[in-house]
Amino acid sequence: MQIRALMYFDELVRTNSMRQAAENLNVAPTAISRQIENLESHFGAPLVERSARGVKLTAAGELLAARAGRTLRELDHVQQLIDDLKGLQRGHVSIYANGATVTNLLAPVLAKFSLEYPQLRFSVTITSARQAVDAVNSAEADIAVTLFAPPMSGTKVRLRSEIVYDLIATPEHPAAAHAEIPIRKLTDYALALPEKSFGFRQAFDTLFEKEGLDLDPVFVTSSLEMLKELVISGAAVTLLPALTVRREIEAGQLLAIPLSGKTGIRTHIDLCVAPDRQLSFAATTLLDFIETFMREHTDSRTARKG
């Protein structure tokens, strides 16, 4: 069985069209058909059913499709490892991440890292924590960076760092007069908060309920950018890790004011890899780079290496 046949089959599964698969691979549709026939001959079973609507996988085709993509990804990974042995510092790293905080963590890391290693290429997918971990387990991702992730098996947590949420306000806001803000004081201000589907919003709700307070935000949004703009305009304050608004703090547009007492909001960022997969030079070097950055920009007292 040839690798090319698997590549053609995988592209056909992805596009669900002989014509589109042929265009993407820059070959004739007959070449796709021929390679599919080779696979069917090799396995001794039909893999696809052709119709005017496109192609439909048979039971055998579904079985192969579930494994062909990972097989091809692993072969690409092996090629990177071989290139590493030959001293070629090039390659591609796939990173899956979740949460707006993670976006603000990764962007400066990748920007700095790319300047040091211009031959490397990166793809970053922002998704849910569970999908990020699943991507590492299925070899779709080399690295997962997750925020508010539930306990999940199958991955190794390389580093766990704690993040603290502060009150974010403008320097002109009345809250800026406080060195620390009691939780109860938040009810005096117009709040802008993420919607209830966000894990850290659920933590806010739990904290306010524990304190016997009614959480009545003026603004609710799924957009971090919207939260920041509402605060910058002076219309509201919000609760976010200072990391997510570092640029605005450095520009003097915003302040991060700690919550007083021990009743703060904390979460963790996990840096995850597959426990049984050797990483390429590119992925290993980036992993070390992200770990160093996380230690420098999160609570180093609670950073734990797995």
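Contact here means heavy atoms within 4.5 Å. This is a predicted model, in which local features need pLDDT of at least 70 and side-chain atom pairs count only at pLDDT 80 or more, while totals for chains, interfaces and linings use all residues. Residues are numbered from 1 along each chain as its sequence is written, and side-chain values use heavy atoms, with hydrogens and water left out.

Leaving aside residues up to four places away in sequence, Gln-35 touches Gln-2, Arg-4, Ala-5 and Tyr-8. Gln-35 belongs to helix α3 (residues 29-43), where helices (H or I, at least four residues) and strands (E, at least two) are DSSP runs numbered from the N terminus. With a relative accessible area of 9%, Gln-35 is buried, a term that means under 20% (1.4 Å probe, protein chains only), with exposed over 50% and partly exposed in between.

A nonpolar core is a set of buried Ala, Val, Leu, Ile, Met, Phe, Trp, Tyr and Cys residues joined through side-chain atoms within 4.5 Å. Two such cores are set out here.

| Core | Size | Residues, among them |
|---|---|---|
| Largest nonpolar core | 58 residues | Val-145, Leu-167, Leu-271 |
| Another core, apart from it | 19 residues | Met-18, Leu-47, Val-55, Leu-64 |

Leu-271, one of the residues with the most contacts inside the largest core, touches Val-145, Leu-159 and Met-294, among others.

Strand β9 (residues 238-241) is covered on both faces, with Thr-238 and Leu-240 buried on one side and Leu-239 and Pro-241 buried on the other. Strand β6 (residues 156-169) pairs with β9 in the antiparallel sense over four bridges, pairing requiring at least two DSSP bridges.
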